[in-house]
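Welcome to this structure. Have a look at the sequence and the 3D view below, and then let us walk through some of its contacts together.

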Number of protein chains: 8
Amino acid sequence: MKKRLEEILEKVYSGKLVPAKAIELLEGYPYCDLDFAKVDHHREVAKGTPEVVFGLGKTPDQIARISREILGKGSNLLVTRVEPAAWAKIRAKLPGAAYNEAARTVSRIQSPPPAGRGTVVVLTAGTSDIPVAEEAAVTSEILGNATERIYDVGVAGLHRLLGQYERLRQARVIIAVAGMEGALPSVVAGLVRVPVVAVPTSVGYGASFNGLAALLAMLNSCPGGVAVVNIDNGFGAAFLASQINHL
Amino acid sequence: MKKRLEEILEKVYSGKLVPAKAIELLEGYPYCDLDFAKVDHHREVAKGTPEVVFGLGKTPDQIARISREILGKGSNLLVTRVEPAAWAKIRAKLPGAAYNEAARTVSRIQSPPPAGRGTVVVLTAGTSDIPVAEEAAVTSEILGNATERIYDVGVAGLHRLLGQYERLRQARVIIAVAGMEGALPSVVAGLVRVPVVAVPTSVGYGASFNGLAALLAMLNSCPGGVAVVNIDNGFGAAFLASQINHL
Amino acid sequence: MKKRLEEILEKVYSGKLVPAKAIELLEGYPYCDLDFAKVDHHREVAKGTPEVVFGLGKTPDQIARISREILGKGSNLLVTRVEPAAWAKIRAKLPGAAYNEAARTVSRIQSPPPAGRGTVVVLTAGTSDIPVAEEAAVTSEILGNATERIYDVGVAGLHRLLGQYERLRQARVIIAVAGMEGALPSVVAGLVRVPVVAVPTSVGYGASFNGLAALLAMLNSCPGGVAVVNIDNGFGAAFLASQINHL
Amino acid sequence: MKKRLEEILEKVYSGKLVPAKAIELLEGYPYCDLDFAKVDHHREVAKGTPEVVFGLGKTPDQIARISREILGKGSNLLVTRVEPAAWAKIRAKLPGAAYNEAARTVSRIQSPPPAGRGTVVVLTAGTSDIPVAEEAAVTSEILGNATERIYDVGVAGLHRLLGQYERLRQARVIIAVAGMEGALPSVVAGLVRVPVVAVPTSVGYGASFNGLAALLAMLNSCPGGVAVVNIDNGFGAAFLASQINHL
Amino acid sequence: MKKRLEEILEKVYSGKLVPAKAIELLEGYPYCDLDFAKVDHHREVAKGTPEVVFGLGKTPDQIARISREILGKGSNLLVTRVEPAAWAKIRAKLPGAAYNEAARTVSRIQSPPPAGRGTVVVLTAGTSDIPVAEEAAVTSEILGNATERIYDVGVAGLHRLLGQYERLRQARVIIAVAGMEGALPSVVAGLVRVPVVAVPTSVGYGASFNGLAALLAMLNSCPGGVAVVNIDNGFGAAFLASQINHL
Amino acid sequence: MKKRLEEILEKVYSGKLVPAKAIELLEGYPYCDLDFAKVDHHREVAKGTPEVVFGLGKTPDQIARISREILGKGSNLLVTRVEPAAWAKIRAKLPGAAYNEAARTVSRIQSPPPAGRGTVVVLTAGTSDIPVAEEAAVTSEILGNATERIYDVGVAGLHRLLGQYERLRQARVIIAVAGMEGALPSVVAGLVRVPVVAVPTSVGYGASFNGLAALLAMLNSCPGGVAVVNIDNGFGAAFLASQINHL
Amino acid sequence: MKKRLEEILEKVYSGKLVPAKAIELLEGYPYCDLDFAKVDHHREVAKGTPEVVFGLGKTPDQIARISREILGKGSNLLVTRVEPAAWAKIRAKLPGAAYNEAARTVSRIQSPPPAGRGTVVVLTAGTSDIPVAEEAAVTSEILGNATERIYDVGVAGLHRLLGQYERLRQARVIIAVAGMEGALPSVVAGLVRVPVVAVPTSVGYGASFNGLAALLAMLNSCPGGVAVVNIDNGFGAAFLASQINHL
Amino acid sequence: MKKRLEEILEKVYSGKLVPAKAIELLEGYPYCDLDFAKVDHHREVAKGTPEVVFGLGKTPDQIARISREILGKGSNLLVTRVEPAAWAKIRAKLPGAAYNEAARTVSRIQSPPPAGRGTVVVLTAGTSDIPVAEEAAVTSEILGNATERIYDVGVAGLHRLLGQYERLRQARVIIAVAGMEGALPSVVAGLVRVPVVAVPTSVGYGASFNGLAALLAMLNSCPGGVAVVNIDNGFGAAFLASQINHL
């Protein structure tokens with residue numbers, strides 16, 4: 001933007017452009033302020049950063065069309081919340097793309113994403129939390145992070161969690177995924193000194209109120225260092241973790 | 001902004017300013033884009049528009065100081081949510097200002113506000129809703145609207161409301177203030193063809209849940225044309241009504 | 001019970017029964033206390049009172065079997081919440097029974113129920129409230145009440161409700177069925193001096209929260225004389241109205 | 001109204017009144033429709049019916065002034081929710097009025113109210129529910145109902161409730177007041193065949209959520225015949241019970 | 001109404017009608033009061049105003065029958081919430097009607113609606129909000145308003161919204177449709193000085209609680225001038241916007 | 001009861017009592033059914049069981065009077081929720097009674113309560129949970145249970161909890177008191193095989209919603225064996241624990 | 001653990017093991033601390049204790065595979081929440097396993113579980129609560145408890161409950177299962193002196209809010225001795241009851 | 001820990017220590033397992049890390065005593081939620097400590113904390129959010145982070161926020177504090193690529209439900225990279241931000 005402004009000013013200075021005309025030209029560009037123009041392009045991030053499509057509520061056709069557009073530009077692709085039935089309909093249209101059934105993601109890497117600095121560890125309290133955790137793990141990987149999965153280490157069997165203590169300590173960011181009472185992130189945050197991204201899941205029934213119980217528990221975590229995201233938001237957790245891991 | 005840009009471009013054109021210097025100058029102004037600059041000043045509305053202070057949570061001293069600043073600029077002043085005890089402490093510091101005890105507002109008009117096109121009618125369901133209604137009415141007046149009050153015409157005594165039918169029909173905008181079951185805006189919207197701004201109040205007890213019952217009722221109004229604002233938000237209702245009335 | 005106790009005591013007095021044996025006999029009757037025994041039989045109400053089956057969650061087979069038992073005893077029958085598909089499966093097994101498609105009720109009267117003293121009027125705010133209202137109306141009828149239906153007289157078109165004013169005034173009990181903002185019972189209770197049984201319905205969307213908005217509105221009714229029942233509980237409203245109408 | 005219309009039409013027919021003038025005359029009466037006019041006067045209830053003032057949120061002065069007006073008209077007076085401190089300030093201004101400290105009511109009967117047909121029985125689950133129950137009982141009495149109090153018969157000690165079985169059975173309407181789990185109305189409705197007006201109270205703590213637990217329990221009462229009113233609404237319960245008892 | 005009353009009175013005056021007969025005639029009209037009669041006909045708005053049918057919960061047959069009635073009277077027709085499957089069944093019965101698949105509306109204009117004074121601009125935060133926005137836009141159009149759509153300008157990419165600043169400024173009313181965090185109306189209301197009708201949508205998952213998060217955000221909008229309607233209520237938003245635009 | 005019935009029947013049998021008189025006698029006893037009579041006296045528990053007074057909402061005078069009555073009967077006394085100010089007023093009237101400031105209890109043991117079989121261990125997550133825990137511990141003791149306190153062992157510092165592992169394992173019942181995220185009972189239940197009574201507390205702020213977060217977490221405890229009581233209900237937890245410990 | 005540490009230290013002392021090697025050996029055991037090691041094996045409970053699988057959300061294949069593993073180890077098996085359709089697919093793979101259709105459980109006992117000390121009585125308020133109660137009863141049995149079922153004894157027909165008084169009194173633990181108003185546990189806890197495990201069910205509609213009403217009622221139980229578990233959690237109730245019954 | 005174990009084993013190996021004695025020594029350390037021992041000391045973070053006291057609910061005396069202990073150890077001190085009245089009572093006892101009236105914190109740095117790598121920027125939407133923001137800012141500083149405050153840049157005046165765009169872009173972590181509609185973190189996260197810690201505040205009234213509206217908005221943030229903490233939890237936000245900034 002700044003460059004173009006310079007060009008215009010140069011033309012004005014050299015008398016090739018009258019001020020009134022210059023104003024007209026500048027008005028044609030919607031965000032021509034000098035500083036704020038950066039906003040317009042701030043998403044031009046490093047080569048390899050994927051474009052992400054939220055698949056929920058989109059038809060298989062819409063997903064296929066958008067994905068092909070993205071891939072056509074040479075970008076990496078991540079589509080979340082794709083049901084197996086949808087994948088069956090679109091796989092032929094997306095050669096080279098991979099489907100992760102647990103995570104319900106479609107992805108294809110065309111150029112390596114910029115690497116994160118440490119390891120992102122993804123924990124789950126139970127086995128039912130795995131789909132959300134896989135969404136997080138796949139996202140974390142495609143965003144360029146070394147990613148480890150440690151599943152089914154909920155507080156009901158504390159020794160299983162403590163048995164992974166060394167691995168927890170070596171993480172740069174931890175994503176803790178839990179439904180029901182949602183106690184895992186609190187316990188983990190009491191054990192480590194790195195940020196814990198807490199993902200409540202809708203796993204449970206009755207007074208779990210579709211994840212509300214876990215969400216409230218995580219927001220009230222007694223140990224500090226817990227960053228809460230929306231219920232079942234595996235993608236968002238990984239996006240945040242990756243941001244931290246790329247700092 | 002545009003004018004300043006013209007000046008700069010004129011100087012560049014006339015060779016008085018080199019492009020590099022022009023860019024520097026432009027960078028000094030935080031929002032120098034041609035269009036968006038209007039944002040910066042869009043609140044420079046017509047002479048007479050009051051500046052409003054939300055008094056809740058401010059000390060009497062803070063209210064007095066801010067008010068004096070506003071009045072010192074020659075602006076009209078409206079302070080909402082001022083308790084009588086606070087007013088007692090600051091009245092000596094704000095000569096010429098008036099206190100409306102029911103509305104808990106402090107106000108002073110120094111130049112007449114731009115006039116609205118029709119009448120804003122403020123209704124209440126009961127007498128306990130009057131403080132919120134008065135906040136609305138006082139706000140409506142200081143914003144330049146002819147304002148009528150019709151109080152205590154709730155649905156428990158439908159004939160009282162219907163007895164005011166002619167006055168309702170002559171309104172350009174109606175503000176309907178009600179707590180408890182919050183039925184008044186629905187009934188009124190069924191009778192008229194102008195917008196009804198619905199203000200739920202926290203009047204009630206038990207299952208009114210501090211105005212939640214009335215709020216939900218108003219959001220579910222069966223007749224169309226009901227614009228809902230926050231619980232007890234008399235000021236907001238009048239601000240919206242005044243916007244509509246000045247169109 | 002008392003009579004049987006007298007008989008036993010007489011036999012004891014006359015030496016025909018030893019105390020130990022008398023105690024045994026009395027123990028055979030689970031609730032043999034003098035007063036409370038009435039509880040045991042208090043449901044032996046007047047001939048013609050129907051037995052009611054809550055159909056929701058029962059299989060067609062279960063409904064048919066229970067219904068045949070009831071009819072076999074000569075009782076009147078009312079089954080609520082029977083879907084058309086269920087009726088199709090059981091109609092052949094229940095000769096003489098009638099299905100009301102709007103109310104989703106199956107009923108058969110074998111002996112006339114005891115008559116209520118006045119008229120029960122059933123109102124709805126909209127047409128979508130009719131299934132609940134029909135459940136109420138059918139129940140009211142089978143419980144022996146003269147029952148009038150006045151539908152689609154919600155507060156959005158107040159003149160329609162007022163046009164029924166005479167009929168409202170002649171009711172002994174009014175059942176007012178409304179979803180969305182649930183204002184109808186409040187408005188009606190302001191017009192009449194008889195009890196208004198308020199039935200919130202789950203009709204609506206968004207912030208109706210499946211009838212919560214209407215429920216809260218009705219509980220907060222400003223005019224007195226409003227008796228609230230559960231959301232969509234047409235049967236319960238009519239049961240209560242009938243109790244009142246039979247006093 | 002109809003009669004007046006006849007007179008006007010007669011005058012028009014006989015040529016004593018021109019149509020234009022007739023219209024003017026008719027317009028002078030705000031609700032001159034033939035049927036609906038009754039609305040205007042439908043509150044002209046029988047001599048002795050009290051006028052009721054909701055004391056909450058009114059200053060002692062306001063209460064005193066309104067009460068004197070009502071008494072000056074010869075009406076019976078009932079003021080609810082009057083704190084002892086308020087009563088101390090106004091008692092001198094209201095000679096002849098009585099204050100019920102438990103019920104927090106001020107009342108004075110100047111002419112006997114129309115008598116209800118049976119007895120209204122007021123129950124409480126615990127002793128903390130008594131203020132709400134007393135508001136109901138005092139209201140019931142001033143509305144002309146024979147009123148019996150049976151307090152502290154909650155489900156924690158079922159034998160106490162069952163010990164009152166005969167008295168329950170002789171009621172025409174029962175008001176059951178309960179906080180905490182709010183089970184009393186359900187249990188009572190299973191024992192009797194008259195309407196049970198259920199009043200949830202805010203008695204409790206924690207998960208009683210200020211009466212919400214009791215309210216929900218009552219709305220979900222398994223036995224029929226339960227009419228629910230707002231939390232702590234002793235007055236409303238008695239108003240409804242009295243309406244039923246005067247049918 | 002008044003006219004008809006005049007006619008009747010003229011006939012009485014001229015002796016063509018006896019008073020008793022006149023009363024009968026008048027009684028035939030349920031709401032014959034002079035003032036209130038306007039209620040009866042207040043919906044006889046200008047030629048071209050459509051009649052609206054809420055399609056949700058109606059069978060295709062019901063929709064077709066009602067629609068044909070409306071069209072038979074020469075009125076314009078708008079049916080909302082019609083699923084494609086329903087449309088497929090009724091399209092043959094409604095020649096000349098158009099189906100908008102995104103908006104799920106059926107409509108037919110037979111005479112031009114009265115024109116609004118300015119432009120209604122409909123915004124969405126995301127693409128998933130489009131169905132609600134289309135319901136609003138189609139409604140706005142059929143109610144006679146010049147209507148512009150600006151979609152997918154949510155706060156996640158502020159530059160896209162700011163790029164539309166000029167178009168926003170030229171609106172007379174803005175409808176801002178947003179799910180998830182529901183921030184769009186607040187941001188827009190901070191940029192313009194016309195009323196912003198805020199429509200929360202149920203777009204989102206987890207702690208969006210089906211639109212509750214967006215609804216609360218909009219009710220708490222810090223900038224004034226925001227009029228909130230029910231979740232997903234595109235029709236209601238347009239109805240309100242059109243009322244404002246026709247003032 | 002049975003015995004008395006036998007006596008009466010014997011007298012009837014021996015001719016000393018006529019049946020009519022026997023019935024009268026039996027009627028004098030409100031719950032004379034053979035089985036159910038036990039209800040009437042089922043609270044005649046073992047000597048030493050205290051009588052408990054819920055102090056909240058009672059005046060110091062009421063507390064003193066009730067307490068003296070209980071002590072006068074020779075019973076043990078426990079009063080909960082007594083503020084220090086109240087204690088100051090009544091201590092002179094209750095010689096021999098002890099006040100626990102942390103627990104806010106007044107108690108006096110006059111005869112030793114029946115002893116529980118094992119140890120009740122009372123845990124808290126933090127120091128702010130101690131008042132509720134003390135109410136539990138004092139109650140547990142006065143009900144005859146060996147009681148151990150282990151405070152401030154929340155999940156933020158897991159090593160503190162694990163350091164108490166041996167003591168936990170030797171408990172017969174554990175009471176786990178926690179506010180905020182309420183994770184303690186889940187973690188403890190994963191470590192032991194005895195019942196864990198979970199007491200959510202209102203400790204916390206914001207999204208703890210006065211203990212709701214902790215309550216929901218506890219209800220959703222993944223490990224089994226968790227018995228939840230009301231928020232802040234230290235007394236109820238100890239009552240339940242004592243029942244279990246006396247089995 | 002301690003023993004093994006001794007052995008290692010002895011070897012070191014006797015020079016058979018160098019320190020570095022000793023450390024390696026110790027590191028091989030993940031939780032080799034002296035006390036806490038017990039955690040690792042605390043689930044090695046008595047022979048006969050079943051392993052439990054939560055079937056909800058697992059595919060028939062997953063259930064079959066896990067079940068076969070458990071049975072292969074000679075353990076007893078309990079799978080909860082298995083729909084009939086799932087059972088149909090897996091029954092051939094699980095010879096000897098029994099399916100309880102009401103409870104939706106699959107179970108097989110290969111060695112008798114350790115016996116509880118008394119009887120667990122399972123109550124339901126209505127017939128719709130039976131599936132949850134059966135899950136509890138089947139669980140209770142497979143955990144080794146003498147288990148009695150008493151169904152359909154809700155408070156709507158108190159005499160039915162009281163008729164079971166003797167059986168209630170002979171229970172060591174009672175599980176009370178109820179939806180709607182959830183009053184059963186309170187009433188039962190007022191009648192007995194043993195722990196009552198309260199299970200709210202999602203039976204109901206409208207303001208039952210999927211079991212919330214019953215849950216809140218149970219948490220607010222006025223009589224003590226009520227242990228609440230999650231909505232519909234029949235398994236958890238029986239697990240807790242069995243723990244108590246095995247103390 | 002490992003080192004100490006080595007020493008002990010060396011002594012055993014060299015015969016200086018008998019195994020029995022070695023076990024005793026090891027038992028003296030509560031958590032002597034090889035790996036997990038680190039837990040015990042993991043809070044022995046770098047010199048300069050402050051110890052934090054949550055002042056809410058503590059008496060001035062308690063605060064003073066704890067603070068003196070901490071300072072006596074040479075640690076840095078931070079006490080949050082200290083009201084001015086409390087500070088007045090304790091300031092004399094804490095020489096060298098500073099009180100921040102806006103933040104309500106007491107702090108004293110005795111040795112410089114370890115420095116964070118970048119800048120933490122703290123934003124507020126309004127002036128009423130400043131106390132929470134100050135708690136965050138003071139915490140951030142005492143934890144060793146370069147900290148910038150940018151207050152009153154809410155979405156109502158977007159130009160004020162955009163005017164700070166450069167400063168936002170230079171932050172390593174941003175803390176965005178907002179009440180009411182809580183839109184600020186979403187808007188900011190759309191502008192930057194660093195983590196945004198979102199702090200909902202209880203600023204607002206009515207449907208803000210004490211910060212719930214803002215909390216839900218933040219959890220539903222459309223742009224990624226938003227880490228939510230509890231309502232009003234300024235300390236927690238800064239603790240998390242500092243963890244990220246020290247990675």
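Where chain D meets chain G, each side has its own part: 24 residues come from chain D and 24 residues from chain G, with contact meaning heavy atoms within 4.5 Å. This is a predicted model, in which local features need pLDDT of at least 70 and side-chain atom pairs count only at pLDDT 80 or more, while totals for chains, interfaces and linings use all residues. Residues are numbered from 1 along each chain as its sequence is written, chains are lettered from A and ligands numbered from 1 in the order in which they are written, and side-chain values use heavy atoms, leaving out hydrogens and water.

About 1,900 Å² is buried between chain D and chain G, and carbon and sulfur atoms give 73% of that area. Buried area here is the accessible area (1.4 Å probe) that two parts lose on being put together, summed over both. Nine residue pairs, both at pLDDT 80 or more, are in polar contact between chain D and chain G. Such a contact is a pair of N or O atoms within 3.5 Å; within protein, one must be able to donate a hydrogen and the other to accept it, and residues adjacent in sequence count only if both atoms are side-chain atoms. Salt bridges between chain D and chain G number zero.

On the side of chain D that touches chain G, helix 7 (158-162), helix 9 (184-189) and helix 10 (212-219) of chain D each supply at least two residues. Helices (H or I, at least four residues) and strands (E, at least two) are DSSP runs, numbered from the N terminus. Helix 10 of chain D gives the largest share, five residues. By class, this side of chain D has 18 nonpolar, five polar and one charged residues. Ala, Val, Leu, Ile, Met, Phe, Trp, Tyr, Cys and Pro count as nonpolar, Asp, Glu, Lys and Arg as charged, and the others, Gly among them, as polar.

| Helix pair | Angle | Axes apart |
|---|---|---|
| Helix 6 (residues 130-142) and helix 11 (residues 234-246) of chain B | about 35° | 7 Å |
| Helix 6 (residues 130-142) and helix 11 (residues 234-245) of chain D | about 35° | 7 Å |

Axes are lines fitted to C-alpha atoms, for helices over the stretch in contact, and angles run from 0 to 180 degrees between N-to-C directions. In chain D, helix 6 passes helix 11 in a right-handed crossing.

Definitions and conventions
A salt bridge is a side-chain nitrogen of Lys or Arg within 4 Å of a carboxyl oxygen of Asp or Glu. A crossing is left-handed if the near helix is turned anticlockwise from the far one by less than a right angle, and right-handed if clockwise.
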